[in-house]
Amino acid sequence: MPSGSEDSMEEGVAPPLRITPLKTVYEDDFLIGNVVPRQYLSEDETYVLTTHHSAATAENAMKPQPLQPDKGNFKFEQADAIVNAVLAAGMKMHGHTLAWHQQSPTWMNEEGVSREEAIENLTTHARTVAEHFRGRVISWDVLNEAINDNPANPADWRASLRQSRWYQTIGPDYVEIVFRAAREGDPDAMLYYNDYNLDNRNKALAVYNMVKELNEKYPNVGGRPLIDGVGMQGHYSLQTNVTNVEDSIKRFGSLGVEVSVTELDVQAGTDYELTETQAISQGVLYARLFNVFKKYAETIARVTMWGLNDDSSWRSERSPTMFDAEFQPKPAFFGALNPTVFIAQNQKGGSKSAVKQAQVHYGTPKLDGNDALWDSAPEIPVNQHLTAWQGATGSAKVLWDDKNLYVLVAVHNAVMNKTNANPREQDSVEVFIDENNGKTGAFEKGDGQYRVNFDNEASFNPASIKSGFTSVAFASGAVYTVAMRIPFKTIKPANGTVVGFDIQINGASPQGMRQSVAMWNDLSGNSAGDTSGYGTLKLMK
Ligand code: G3I
């Protein structure tokens with residue numbers, strides 16, 4: 001009789017006070033994974049990794065840059081050491097990633113490399129790497145982050161592809177090319193398309209359409225369709241809408257492919273501090289997510305966390321993992337371990353973060369930014385990063401009168417690049433308005449997204465909100481300022497009116513691709529169609 005059973009208790013032997021490892025709790029459902037951040041782990045890191053996890057992903061070591069820094073010069077030593085240690089610990093290894101627009105050497109697809117050379121570089125890399133690890137990895141993120149954020153027309157997945165160097169040198173067929181090369185290199189590994197913000201409906205639809213079309217085109221490559229799975233990274237926040245996550249799991253599952261949650265974390269604190277309330281809310285969100293994952297266990301193959309503790313997380317300042325800096329389990333861990341009980345015990349904690357509110361003074365300013373009326377307006381910081389950890393940030397001021405809202409935003413650290421044809425990839429400022437603060441899952445009348453780049457070129461979502469809008473932009477050094485006059489469409493504002501509101505700053509890289517997104521309040525990644533995560537403005541007279 002194993003110790004801890006009812007019989008042994010009757011005999012007066014206390015059961016051992018041990019927490020069931022996370023991997024054991026979910027062993028009939030899916031693998032539980034985490035990252036290996038580097039070749040040598042501390043004792044605490046090894047303990048957390050091997051005790052609670054049945055799978056691992058190298059956080060950086062298997063990306064294109066470290067594996068093939070120079071053409072033909074493959075460097076497998078560090079990745080081999082990691083993979084072999086993971087296998088020796090009795091865990092499964094997942095490969096990340098064969099093609100990405102980051103952490104990839106420029107020689108592969110830089111300016112001047114022809115389509116033929118780029119195809120050769122891509123296929124050689126994918127085939128050689130997959131072949132090298134054949135038999136040691138169960139699956140690969142073959143292609144990472146190839147779809148734009150919130151694409152306007154997801155029915156056309158080719159038009160929704162990120163303008164990455166692979167896209168620019170090869171064209172949209174680079175997607176099927178890299179999957180075919182990976183299948184050749186390792187016919188047994190499950191081949192994944194992997195991306196973030198897949199709880200965004202439009203982004204999920206574009207991925208759905210891409211996988212559907214390519215699997216219909218290639219129903220039998222080595223005995224099965226070309227793409228085996230969709231990886232939902234899962235870099236979430238307290239504003240993440242769990243229903244959107246569930247909808248996407250369902251949508252991808254309906255394609256007959258497996259789904260994995262590949263990089264789960266939930267940002268909740270600020271400046272390396274996590275209050276008790278935030279920690280509970282984070283626990284509730286982890287619990288609600290794991291309840292959904294369990295419900296779709298038939299579809300989900302693996303749930304991998306992105307960080308062994310808050311200290312080593314890529315987003316450490318926002319305390320997003322299940323273990324604190326001392327490797328103590330946080331409420332998030334217990335939320336994942338036993339979601340139903342955790343939610344019942346912490347109902348009051350909810351999973352919502354406090355919505356930011358700014359009070360806005362009455363006044364009709366000049367848009368040149370010099371009007372003294374702006375001086376007394378409170379400053380709104382726009383510095384919470386959504387998809388990257390560094391990039392342009394800024395601060396804003398808002399005023400209102402009977403007809404308009406006036407927004408002045410100063411952006412710092414901008415490289416001021418607008419070479420990308422897609423306005424959202426340019427250095428630009430976006431203002432989101434939800435006039436009746438309805439916090440709806442889809443835009444309704446009175447909701448809108450206004451974007452102005454550093455060169456004062458404006459774009460609108462929906463296009464109809466353009467009427468009556470005015471903006472000016474002026475740049476000086478690494479700072480640019482945008483001022484907007486936005487007419488109210490559906491409300492007659494009065495003293496005390498509350499309006500849903502948010503600001504986003506898009507930071508472009510010198511190569512002309514968006515590399516950072518900073519927000520005032522909404523970290524859901526869905527602001528362009530869903531107003532539920534916006535902060536609020538209280539209009540004061
Ligand atoms: O290796 C160098 C080291 O030599 C140097 O001294 C040090 C100085 O900063 O930098 C080290 O490289 C860093 C690398 O992590 C290893 O620590 C890079 O600067 C840093 O940019 C890199 O960040 C990684 C990031 O991907 C790169 O975009 C994060 O660790 C990693 O968690 C993150 O993971 C990505 C996934 O691959 C894809 N999905 C999003 C996710 C989060 O961004």
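Helices and strands are here DSSP runs, numbered from the N terminus. The model is a predicted one.

**First stop: around residue 103.** Select Gln-103, which sits in the loop between β3 and α6 (115-132). Its phi is near 45°, a positive value in a residue other than glycine. The peptide bond leading from His-96 to Thr-97 is cis, and its omega is near 5°.

**Second stop: the ligand.** Display the side chain of Glu-59, in which an N or O atom is 2.4 Å from an oxygen atom of the ligand. In the side chain of Glu-263, an N or O atom is 2.7 Å from a nitrogen atom of the ligand. Then select Trp-306, which has a polar side-chain atom 2.9 Å from a ligand oxygen atom. The ligand taken alone exposes 790 Å², of which the protein buries 52%.

Select α9 (residues 201-217) and α10 (residues 242-253), which pack at an angle of about 10° with axes 10 Å apart. Because of that angle, α9 is roughly parallel to α10. From α9, Arg-201, Ala-204, Leu-205, Val-207 and Tyr-208 meet Ser-248, Arg-251 and Phe-252 of α10. The residues of this contact comprise five nonpolar, one polar and two charged.

Select Asn-461 and Pro-462, joined by a cis peptide bond with omega about -5°. Pro-462 is found in the loop between β17 (458-461) and β18 (470-476).

Key
Residues numbered from 1 in each chain as written. Predicted model: local features only at pLDDT ≥ 70, side-chain atom pairs only at ≥ 80, totals over all residues. Heavy atoms only, no water. Axes fitted to C-alpha atoms, helices over the stretch in contact; angles between N-to-C directions. Helix = DSSP H or I, 4+ residues; strand = E, 2+ residues; numbered from the N terminus. Parallel < 35°, antiparallel > 145°, perpendicular 65-115°, else oblique. Contact = heavy atoms within 4.5 Å. Nonpolar A, V, L, I, M, F, W, Y, C, P; charged D, E, K, R; others polar. Polar contact = N/O pair within 3.5 Å; in protein donor to acceptor, adjacent residues only side chain to side chain. Areas by Shrake-Rupley, 256 points an atom, 1.4 Å probe, with all protein chains shown as cover.
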